[in-house]
Amino acid sequence: MRCARTRQVPGSLDSSATRSTTASAPSSVAARLRSSRPSWLSPKVFRTEVLAGLVVALALIPEAISFSVIAGVDPAIGLFASFTMAVTIAVVGGRPAMISAATGAVALVIAPLNREHGLGHLIACVILAGVFQIVLGALGVAGLLRFVPRSVMVGFVNALAVMIFLTQIPEMTDAPWAVYPLFAGGVALLVLLPKVTTAIPAPLVSIAALTAITVAAGIAVPTVGDKGALPSTLPVPGIPDVPLSMETLTTIAPYALAMALVGLMESLMTAKLVDDITDTRSSKTRESIGQGIANIVTGFFGGMGGCAMIGQTMINVKVSGARTRLSTFLAGAFLMVLCIVFGPLVSGIPMAALVAVMVMVSVTTFDWHSIAPRTLRRMPAGEITVMAVTVGGVLATHNLAVGVVVGSITAMVVFARRVAHLADVSAVIDPEGGSVVYSVTGALFFASSDDLVARFDYAADPDRVVIDLSRAHIWDASSVAALDAVETRYAQRGKTVEIIGLNDASAAMHGKLSGELAGKQ
């Protein structure tokens, strides 16, 4: 039997489809390549990122020098830290466009170590803090951010704005008279220029214009150069000059752990803030690990370490409109270029220009809606208290991380008090008098179960008592201990107790702990 064979006709449908598929393949590959390329390759985005990086670099210089003074180290140490932190985190961080550099919070933590043991121990502390941050990031510490309520976040943002404003006041106190008109002119440019054009960031125009005026007119005002000498060479890698001993480890470990926690707290809160501003999501775990890597790199290059800088991040994201990693990388790169290549020019920038930029950042960062009378009238008193405690904690300690912790603890207390009042007990007595059913509703935990024992009538109740928990949930051992105490008191009077309606989770906890807890009443 012969099998019929078909021959493909060159002009047939199948052949055309094959040629069409083959022809369309290059175009689909090109489309995929276009869609996968970085957004900053767009000329408009690239210009925005470059200009934003330049503005941030200019604002970083006096800040890094000031933080170096707080830490008790040479200004170059803070500037090197800002360079390596920004460049490294741009690659390994989890939040694009966020700026990391030397910060005041980190400087406050490590200042006592440098004062008592010297620069070598400080550098070793920075490296160990980076190791701690990598470990904490891998363990999922970023997940704890979801326990920070909105009222704490609002308080954090408002406290940040107030702190930025307060740090500018010394620059305007007992200053030459020319500082004040320069400051006013800088603010006017920052407010009015965006209404005319957004092609060039207003902070960059303001800084350039005020610098040109002071230099051309020979006006003597405080400048960036008055803060300290700028470095003239790039940082070189090295190993901390400390003995590799257990004594060294025990000396630096407490400071390193404190630095790691403070740095992660500020970085994760800043990342969450940028997420909200840009309406995008970021990887908090990657950011935590990235902060650790950046601090390790910074330590080996002789920097003082750091974390996310909220003020500079606001300049980058909110004022300049940056959205990609390129602006973060360029902020660090421009910082070194400005110091090494254009050092004399940068040293002549009037501080009034930078103060104007930071004051506008504080004004735009503050959540004015949160303190509007209409908002305060509608907001629960507990939420207002949490927000106020967060702001107060930051202003009292000059540490954003402390304020967040205090605010979060206050929020937990407020929540516990609120939920504790939701638990209720009601009794229904059998018409024949043979039994009584107590219906318990709400969440049973340490706060709500505290007065649970007193809600039963042990003397007057009949011999059979039923406790219905079908509308309740047992959350902790305190609730189990309270139910055990109720059963014990009834048993002392020869009465029986039956607990019904437990859901699976409550039944598992009650079955595991009932009768095993000490202190039954």
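Helix α11 is followed by G321, whose phi is positive, near 80 degrees. The model is a predicted one: local features need pLDDT of at least 70, side-chain atom pairs count only at pLDDT 80 or more, and totals for chains, interfaces and linings use all residues. Residues are numbered from 1 along each chain as its sequence is written, and side-chain values use heavy atoms, without hydrogens and water.

Helices are DSSP runs (H or I, at least four residues) numbered from the N terminus. Eight of the 10 residues of α11 (residues 310-319) are buried, so this helix is largely enclosed by the rest of the structure. Buried means under 20% relative accessible area and exposed over 50%, with partly exposed in between (1.4 Å probe, protein chains only). Among the buried residues of α11 are I310, M314 and V317.

L234 is exposed, with a relative accessible area of 53%. L234 is found in the loop between α8 and α9.

| Helix | Residues |
|---|---|
| α8 | 202-217 |
| α9 | 246-278 |
| α3 | 75-92 |
| α12 | 325-340 |

A cavity is a set of points on a 1 Å grid over the protein atoms alone where a 1.4 Å probe fits but cannot get out; lining residues have an atom within 4 Å of a point. A volume is the space filled by probe spheres set on the points, which are joined across faces, edges and corners. A search of the whole structure finds one cavity of 30 Å³ or more. The largest cavity holds about 40 Å³ of space. The elements that give two or more residues to its lining are α3 and α12.

Technical notes
1 Å grid on protein atoms, 1.4 Å probe; cavity = no way out; pocket = protein on both sides within 12 Å on 5 of 7 lines; lining within 4 Å.
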